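Biologist: I would like to learn how to read the side-chain packing in a model. Please take me through it feature by feature.

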Amino acid sequence: MIRTIIIDDEPSAVNVLGLLLKKKCRDDVEVVATSNSPFEGKMLIEQYNPDLVFLDIEMPGMTGVDLVRSFNNPGFRVVFVTAYDDYAVEAFRLSAVNYLLKPVGPENVISTIEKIKTDMAKNENNIAAPLQQLEKILNQHSSDNISRIGIAMADKIIFLPVGEILYCEAQGGYTNIYLQDGNKILSSKSLGDFENQLGPQHFFRIHHSSLINMNRIKEFQRYDGGYVVMENGKNLEISQRKRKDFLQAISRYVV
């Protein structure tokens, strides 16, 4: 049996993939754990030592590539699951990594597991070189295309550099965007929409009502449950549920 872990920040994606594996690959695959957090997912990999990990490549706080890179010598095989655009899909093909496109279908799951079985029989698991090539292509694409974001307002759309955003705060079904120059923009989109768009770009949701730019944190205070001080002096609370993942996320910035 191929002992498998599924890691994806979308619960529905985890459920769908888990169900497909159970229905279509029950004789070959055992799902030993699932997670919606890349940080918890890393601990699950260390705990269960799986043969295979299905891994969403784009998650808040840590990308799938970053997660694999955090292991010095990964002993598990990886299948990246992605909803990326056509350019990035070509990057997957060029780098020769295993991948599935969302929405995931049964035929693709079956063919992927058959390929994994073949690789395991041949004892093939050279992830380092393909991962390096994938990272190089995606980083090039990222630097060319994600420097700006369009903010939807009631009467217009404002385009601005992502780096100018300090943090976003929920206001009902709307979102306040706080900028480096001191201005504030009210968007008609929800905070969840901004998390999906900005999460892979060093933004982290520290609270159900707050999404922060990790590059714009001035201080992290451990007292009173923990809060961050942003560059504009604003104190933002870190929820107890998010504290552990946040501490792991900022560890990459701390010396």
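Modeller: Start with burial: Phe71 is buried, as is Phe76. Buried means under 20% relative accessible area, exposed over 50% and partly exposed in between, with a 1.4 Å probe and protein chains only. This is a predicted model, in which local features need pLDDT of at least 70 and side-chain atom pairs count only at pLDDT 80 or more, while totals for chains, interfaces and linings use all residues. Residues are numbered from 1 along each chain as its sequence is written, and side-chain values use heavy atoms, leaving out hydrogens and water.

Biologist: Why is the pair of Phe71 and Phe76 edge-to-face?

Modeller: A pair of aromatic rings is described by the distance of the centres and the angle of the planes. Rings of Phe, Tyr and Trp (its six-membered ring) pair if their centres lie within 6.5 Å; planes under 30 degrees apart are stacked, over 60 edge-to-face and the rest tilted. The planes of Phe71 and Phe76 stand at 85°, with the centres 5.2 Å apart, so this pair is edge-to-face. Lys42 lies over the face of Phe71, 5.0 Å from the ring centre; the rule asks for NZ of Lys or CZ of Arg within 6 Å of the ring centre and within 35 degrees of the ring normal.

Biologist: How many aromatic pairs does the structure hold?

Modeller: The structure holds five aromatic pairs. In one of them, the rings of Tyr167 and Tyr178 have centres 4.6 Å apart and planes at 20°, so the pair is stacked. This pair links distant parts of the chain, with Tyr167 in strand S8 (residues 165–171) and Tyr178 in strand S9 (residues 174–179), eleven residues apart. Helices (H or I, at least four residues) and strands (E, at least two) are DSSP runs, numbered from the N terminus. Tyr167 and Tyr178 are both buried. Phe39, Phe204, Phe220 and Phe246 form one aromatic cluster.

Biologist: Which residues of helix H8 are buried, and what covers them?

Modeller: In H8 (residues 240–250), the buried residues are Lys242, Arg243, Asp245, Phe246, Ala249 and Ile250. Their cover includes helix H2 (38–48) and the strands S11 (203–207), S12 (210–213), S13 (217–221) and S14 (227–230). Contact here means heavy atoms within 4.5 Å.

Biologist: How many disulfides are there?

Modeller: A disulfide is a covalent bond between the sulfur atoms of two cysteines. The rule needs a pair of cysteine sulfur atoms within 2.5 Å, and the count comes to zero. Cys168 is buried, at a relative accessible area of 0%, and Cys25 also counts as buried, at 4%.
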